Amino acid sequence: MLDGAGASGLTMRGLADRLGVHANTLYSYTSDKTSLIDDVLDDVLAEVESPHPDDDPATALHTIMRSTYSVLIAHRRLVPLYVQRQGARGPNARRLGDIMFEILERAGIVGDLAVEAQHVLVVYTIGSSAYSTGAPMAGGTPTSDHDERDARAFLSGLGWLISGIGV
């Protein structure tokens, strides 16, 4: 429902109807619409490809961020929600964050520098996907289609960021 109509098109009653249950049944699984949306945003991150353990750090970071960008583009109606919530914070988001910290540590980037590097890469990726999908920064409905030029620009910028971080 979120991919189809965005957050404004999701109601607990509408979801319950679609699932063939009573609305109050949903509250056995989630506390409210916001929690449900947060869970969905995190579940989408399960689609992000993990790098191969033997990849060098630059290749590994490139893999995880390229895959994140692709997943966000595939779920373009959710991009404004990632922007509003400044990412996701559930178990899949934490797993990806841990992977990024492990990669950065292999490259000799630790502590506050690793936190800053991770933040820059995540913000760049979410921001680029918002730009590519035409997702308004304050939410709403994306207005333009993603194209190959945006993807190429994202990959170029990603390479520059990874190099600049010193990986």
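Predicted model: local features only at pLDDT ≥ 70, side-chain atom pairs only at ≥ 80, totals over all residues.
Me: Leaving aside its neighbours within four places in sequence, which residues is His 62 in contact with?

Reply: Residues are numbered from 1 along each chain as its sequence is written, and side-chain values use heavy atoms, leaving out hydrogens and water. Contact means heavy atoms within 4.5 Å. With neighbours within four places in sequence set aside, the contacts of His 62 are Leu 155, Leu 158 and Ile 162.

Me: Is His 62 buried, partly exposed or exposed?

Reply: Buried means under 20% relative accessible area, exposed over 50%, and partly exposed in between (1.4 Å probe, protein chains only). His 62 has 27% relative accessibility, so it counts as partly exposed.

Me: How many aromatic pairs are there?

Reply: Rings of Phe, Tyr and Trp (its six-membered ring) pair if their centres lie within 6.5 Å; planes under 30 degrees apart count as stacked, over 60 as edge-to-face and the rest as tilted. Tyr 69 and Phe 154 form a stacked pair, with 4.1 Å centre to centre and 5° between the planes. Tyr 124 and Phe 154 are also stacked, at 5.2 Å and 10°. The count comes to 2 aromatic pairs.

Me: Why does Phe 154 count as buried?

Reply: Phe 154 belongs to a cluster that ring pairs form with Tyr 69 and Tyr 124. Phe 154 counts as buried because its relative accessibility is 2%.
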